[in-house]
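I opened the notebook to log what I looked up in this chain. The entries follow my order of reading.

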Amino acid sequence: MAQLWGGRFTKKTDQMVYDFNASILFDQRLYKQDIEGSRAHVKMLAKQGILTEDERDQILDGLDSIQRDVENGSLEITKEYEDIHSFVEANLIDRIGDVGKKLHTGRSRNDQVALDMRLYVREQVQYTDQLVKELLEVLLKLMEEHVATYMPGFTHLQKAQPVTLAHHLGAYFEMFRRDRERLSDIYKRMNYCPLGAGALAGTTYPLDRDYTASLLGFDGPTRNSMDSVSDRDYLIEYLSALSTIMMHLSRFSEEMIVWNTNEYRFIELDDSYSTGSSIMPQKKNPDIAELVRGKTGRVYGALMALLTTMKGIPLAYNKDMQEDKEGAFDAIDTVNSCLPLFTGMLATTTFRKDVMEASARNGFTNATDVADYLVNHGVPFRDAHGISGRLVLKCIAEGKALDDLTLEEFREESPVFGEDIYEAISLKTCVEKRLTYGAPGEEVMQQVIRECRGYLQEA
């Protein structure tokens with residue numbers, strides 16, 4: 001087919017060059033955005049008297065028919081077209097004749113593709129945000145259910161102090177809440193319309209860029225035509241946010257994988273979110289969590305690829321920028337498939353409260369509370385720390401937990417121990433006396449849960 005830019009050329013493009021240059025195989029997913037932008041553009045042209053109302057209506061009818069036929073399968077987007085813009089315009093001309101050639105008045109493919117990608121990313125930002133919100137809803141439900149589910153908290157993957165499952169999951173709630181805040185920031189910053197910037201220097205036609213922006217739901221037009229066609233900051237920011245989301249999902253997946261092992265047995269994954277082994281019948285594998293963890297790298301790769309592409313590009317548009325799409329599309333698809341799968345896996349997971357509590361009790365997570373008990377009875381902290389450490393050493397040697405020791409055994413290390421030591425180092429006491437805001441104590445945990453619920457109801 002004839003190319004949109006062929007007038008200046010006397011020789012046909014080499015087929016290998018054409019194929020290498022073409023983007024139709026991946027930018028075809030932008031057909032809705034391309035048609036949406038064209039609708040707004042032609043309405044603006046008619047408003048400004050550049051097109052007649054009849055010409056506007058013919059073009060709009062033609063665009064509607066193209067979208068309808070693509071979506072019902074009667075019109076196929078094929079690689080005979082260089083890109084999605086060529087596909088739409090060529091089919092429009094085929095359907096309505098020479099009037100279709102007026103669609104491109106006052107517009108370049110540079111500002112056109114900038115608009116298409118921005119419209120697409122804006123939509124995807126909102127979709128990703130909704131998926132993250134759904135994950136937060138599941139997290140909050142679990143937090144509400146497990147305020148009194150005791151478990152060990154870890155540092156260095158070593159049992160440290162007792163916490164609750166609600167508190168542990170609350171840490172992920174905060175991570176994903178920040179992810180939503182990042183997405184919101186990106187949306188606000190990117191919501192300006194590049195259409196009307198032309199190739200790089202605007203146009204001599206009397207376009208009403210404010211009107212076009214309002215038709216497309218933007219907050220206004222972009223302020224600099226050169227930046228308009230060469231800006232991919234919004235996409236880099238989105239890929240960065242997606243990478244952070246995947247990092248959070250990967251960390252969570254890693255814990256689910258560990259907790260699912262025979263050694264931990266903190267959780268039981270639902271059969272519908274697990275797989276088996278082709279040779280070992282006893283296996284129940286956490287494949288969803290492992291794949292989420294594994295796919296994180298490809299999202300990071302898309303971010304690094306675009307950063308590398310953009311780092312040496314002079315103003316304004318360069319063909320390198322066509323490389324903004326394939327990796328980004330893959331990253332967006334990856335995150336938007338991982339989120340609901342992970343959410344479903346988490347929602348159907350059974351948490352073994354008894355195993356978690358036993359792990360906290362037998363892991364000396366209350367050793368710090370032994371030391372605090374001594375400090376509260378006048379023992380200097382450094383001495384109290386040593387006494388508590390020796391008691392732990394004794395328990396390890398004898399295969400006991402701290403609260404299995406007799407009062408006499410406690411008093412062998414310090415005479416200040418009394419009968420109240422057992423209450424002081426129970427898991428319930430250890431957790432509930434931690435009442436600083438953000439700690440796992442039930443009173444403050446319930447406060448945080450109420451705040452989280454209010455946040456989700458508003459957002």
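Is Asp333 buried, partly exposed or exposed? I find Asp333 partly exposed, with a relative accessible area of 38%. My cut-offs are under 20% for buried, over 50% for exposed and partly exposed in between, with a 1.4 Å probe and protein chains only.

Notes on the source. I am reading a predicted model, where local features need pLDDT of at least 70, side-chain atom pairs count only at pLDDT 80 or more, and totals for chains, interfaces and linings use all residues. Residues are numbered from 1 along each chain as its sequence is written, and side-chain values use heavy atoms, with hydrogens and water left out.

Salt bridges. I took a salt bridge as a side-chain nitrogen of Lys or Arg within 4 Å of a carboxyl oxygen of Asp or Glu. The count comes to 34. Asp333 bridges to Arg29, with the closest N and O atoms 2.9 Å apart. Asp333 sits in helix α12 and Arg29 in the loop between α2 (24–27) and α3 (31–47), so the pair ties together parts 304 residues apart in sequence. Helices here are DSSP runs (H or I, at least four residues), numbered from the N terminus. Arg29 is also partly exposed, at 32% relative accessibility.

I then looked up Asp231, which forms a salt bridge with Arg118 at 2.8 Å between the closest N and O atoms. Asp231 is in the loop between α9 (225–230) and α10, and Arg118 is in helix α6 (residues 109–145), 113 residues away. Both Asp231 and Arg118 are buried. I also logged a salt-bridge network of Lys394, Glu398, Lys400 and Glu409.

Core. A nonpolar core here is a set of buried Ala, Val, Leu, Ile, Met, Phe, Trp, Tyr and Cys residues joined through side-chain atoms within 4.5 Å. The largest has 97 residues, of which Phe87, Leu139, Leu249 and Leu346 touch the most other members. Helix α10 (residues 233–259) gives this core the most, 14 residues. A second, separate core of 20 residues includes Leu374 and Ile421.

Aromatics. I counted rings of Phe, Tyr and Trp (its six-membered ring) as paired with centres within 6.5 Å; planes under 30 degrees apart are stacked, over 60 edge-to-face and the rest tilted. There are 11 pairs. Phe252 and Phe342 have ring centres 5.0 Å apart and planes at 55°, so I call the pair tilted. Phe252 is in helix α10 and Phe342 in helix α12, 90 residues apart. Both Phe252 and Phe342 are buried.

Key: Helices (H or I, at least four residues) and strands (E, at least two) are DSSP runs, numbered from the N terminus.
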